[in-house]
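Please examine the model shown below with its sequence at hand.

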Amino acid sequence: MALSAVYAGQTDYTQGLSIWFDTPNTLQGHTVWYGWKDENKPETARNPDAAWESQSLPIGNGNIGANIMGSVEAERITFNEKTLWRGGPNTAKGTDCYWNVNKQSAHVLDEIRKAFTEGDQEKAERLARESFNSEVPYEAYREKPFRFGSFTTMGEFYVETGLNIIGMSDYKRILSLDSAMAVVQFKKDNVAYQRNYFISYPANVLVIRFSADQPGKQNLTFSYAPNPVSTGSMAADGDNGLVYSASLDNNGMQYVVRIQAEAKGGTLVNANGKLTAKGADEVIFYITADTDYQANFTPDFKNPKTYVGVNPAETTRQWIDNAVAKGYAPLLNEHYQDYAALFNRVKLSLNPTMKGENLPTGQRLKNYRKGQSDYYLEELYYQFGRYLLIASSRPGNMPANLQGIWHNNVDDPWRIDYHNNINIQMNYWPACSTNLEECMSPLIDFIRTLVKPGEKTAQSYFGARGWTVSISANIFGFTAPLESQNMSWNFNPMAGPWLATHIWEYYDYTRDLKFLKETGYELIKSSADFAVDYLWHKPDGTYTAAPSTSPEHGPIDQGATFVHAVVREILSDAIEASKVLGIDKKERK
């Protein structure tokens, strides 16, 4: 889509590469959060907000994310900031409660391997279950304070429009993959309404524009529902702004949400924590957020605030001031140029003469499930994956988590964490292969934050050099296994080496020798050292990774294929990297 089309007031965005729906969402899921009023409630419940997951439009810039619901009576926007996490070393008095959870289990390895040699599978499994876990549970209701934590919502925005659905026509809710913009269009009482939404990576702001083809039609009330497990206060930020300053109850993490509004025509009133526009021709909202979190490659295990280092009041002020000074059109142009430079590197065209009708995405999916060919839908699926990675993984912040960046609850399945047994790897399989190597930067930085705590885990559990991690990680350097004795999912010593293979993949695509020499090689080498030390030299002279499992599938084994595949790959990567750099001939041999 050309930039002129992005600017056009009433452009049919469905003509570009887009996901779109022709019926509005309901408002049913507004601020429906579970598991926070009663911390003893088992968190197996599911958020009843089904439309959020299946029909909202996700936008993001790697730092902040939003889901656009596109209702007529009101606009509902769920909001996230990547580092708003419960848990970590600041959840309890003294850092020992967080860091000293690795069991000293390395001495058990010989006993497990002896049991294998003697054919005593039951003993090997029992020792593994008892030894390769920790005291940290995976559910918030099972301990206070909750140490592992979870990625949590930044809250929701709600914009009442004064309209209703009666007499509405020509409704479209569109996610333009060409421009990384969400659009809502409809007609009501002979007025064509349009809303545009984008999140700029260069400016780090969410920008929302409400407009119409007739003057004076914007009668809006903007409000914010904050995260319910935090304590904060809303204040006016000048005549047309709001600032919400808060801290999470669990760990004291500070965060700030800052909003500014501009109205063309009409009036704008800032009162009682709400922004109200009446009779405006157009209203633009600028929104940003930040936390006090700061990533740390060398965390201080004695300092509970080792991951604190940002003043969110200052950062959000700077971002908002800069965005408002630029204005809507320059921000959109800057956003588009930044995004298109990544997205437009790859084109995919499948049987271009057989595209079919331009149907709503929901209808396309129904037809496809009935066996109807739809090459455009397949193109769209491919490019949507690239879009989501760009939207959830940009340099300067954490990598894409289990849900990318989008989340509308205090907690959700698997803590919305970093699952190292395939999920985070899976998120990044398309990065280099679809020409988005910049999107790998957050993953590489995240791996670097795991090395120092991962060295303790490697030594405590396996008596090994180097570093490794277990199945689940958070933004606070957690690398130990969790409490469960269910080894079919909680035992995964090769999760660290699997992560490290992505370091070599990044080099293999980019051939950035400076990166390999200064950053990449040491990560690969130390991970390979762990793999070497983990291998068991059996009496028959062969090497095997014992004990091991096939993640989320198998029992304790003398050498699962998955584990051997990872070991082979990380050792091969280390060998190739040492050859490229011309070093470590002894280790290579």
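The model is predicted: local features need pLDDT of at least 70, side-chain atom pairs count only at pLDDT 80 or more, and totals for chains, interfaces and linings use all residues. Residues are numbered from 1 along each chain as its sequence is written, and side-chain values use heavy atoms, with hydrogens and water left out. Helices (H or I, at least four residues) and strands (E, at least two) are DSSP runs numbered from the N terminus.

The first topic is the pair α4 and α5. Helix α4 (residues 108-117) packs against α5 at an angle of about 160°, and their axes are 7 Å apart. Here axes are lines fitted to C-alpha atoms, for helices over the stretch in contact, and angles run from 0 to 180 degrees between N-to-C directions. The angle makes α4 roughly antiparallel to α5; angles under 35 degrees count as roughly parallel, over 145 as roughly antiparallel, 65 to 115 as roughly perpendicular and the rest as oblique. The crossing of α4 and α5 is left-handed, a term used if the near helix is turned anticlockwise from the far one by less than a right angle, whereas clockwise gives right-handed. On the α4 side the contact (heavy atoms within 4.5 Å) involves Val 108, Glu 111, Ile 112, Ala 115 and Phe 116, and on the α5 side Gln 121, Lys 123, Ala 124, Leu 127, Ala 128 and Ser 131. Seven of the residues in this contact of α4 with α5 are nonpolar, two are polar and two are charged. In this division Ala, Val, Leu, Ile, Met, Phe, Trp, Tyr, Cys and Pro count as nonpolar, Asp, Glu, Lys and Arg as charged, and the others, Gly among them, as polar.

Attention now turns to α9. This helix has 18 residues and reaches 26 Å from its first C-alpha to its last, close to the 26 Å expected at 1.5 Å a residue; the expected span is 1.5 Å times one less than the number of residues. Which residues of α9 are buried? They are Tyr 376, Leu 377, Glu 379, Leu 380, Gln 383, Arg 386, Tyr 387, Leu 389, Ile 390, Ala 391 and Ser 392, where buried means under 20% relative accessible area, exposed over 50% and partly exposed in between (1.4 Å probe, protein chains only). These buried residues of α9 pack against β1 (18-21), β2 (57-60), β6 (168-176), α7 (328-343), α8 (361-369) and α10.

The axes of α8 and α9 come within 10 Å and cross at roughly 115°, and the two helices are therefore roughly perpendicular to each other. Their crossing is left-handed. Thr 361, Arg 364, Leu 365 and Tyr 368 in α8 meet Tyr 376, Leu 377, Glu 378 and Leu 380 in α9. Five residues of this contact of α8 with α9 are nonpolar, one is polar and two are charged. Helix α8 also holds Gly 362, which is partly exposed with a relative accessible area of 25%. Leaving aside its neighbours within four places in sequence, Gly 362 is in contact with Trp 20 and Phe 21.

A further helix pair is α14 (residues 513-534) and α15, which pack at an angle of about 140° with their axes 9 Å apart. Helices α14 and α15 are therefore oblique to each other, and their crossing is left-handed. Among the residues that make the contact are Leu 513, Leu 516 and Tyr 521 of α14 and Val 567, Ile 570 and Leu 571 of α15. The contact of α14 with α15 divides into 14 nonpolar, two polar and two charged residues.

The last topic is backbone geometry. Most residues other than glycine have a negative phi, and most peptide bonds are trans. Ile 416, although not a glycine, has a positive phi of about 50°. Ile 416 lies in the loop between α9 (375-392) and β17 (418-419) and counts as buried at 0% relative accessibility. Asn 435, also not a glycine, has a positive phi of about 65°. The loop between α10 (423-433) and α11 (441-462) holds Asn 435, which is partly exposed with a relative accessible area of 31%.
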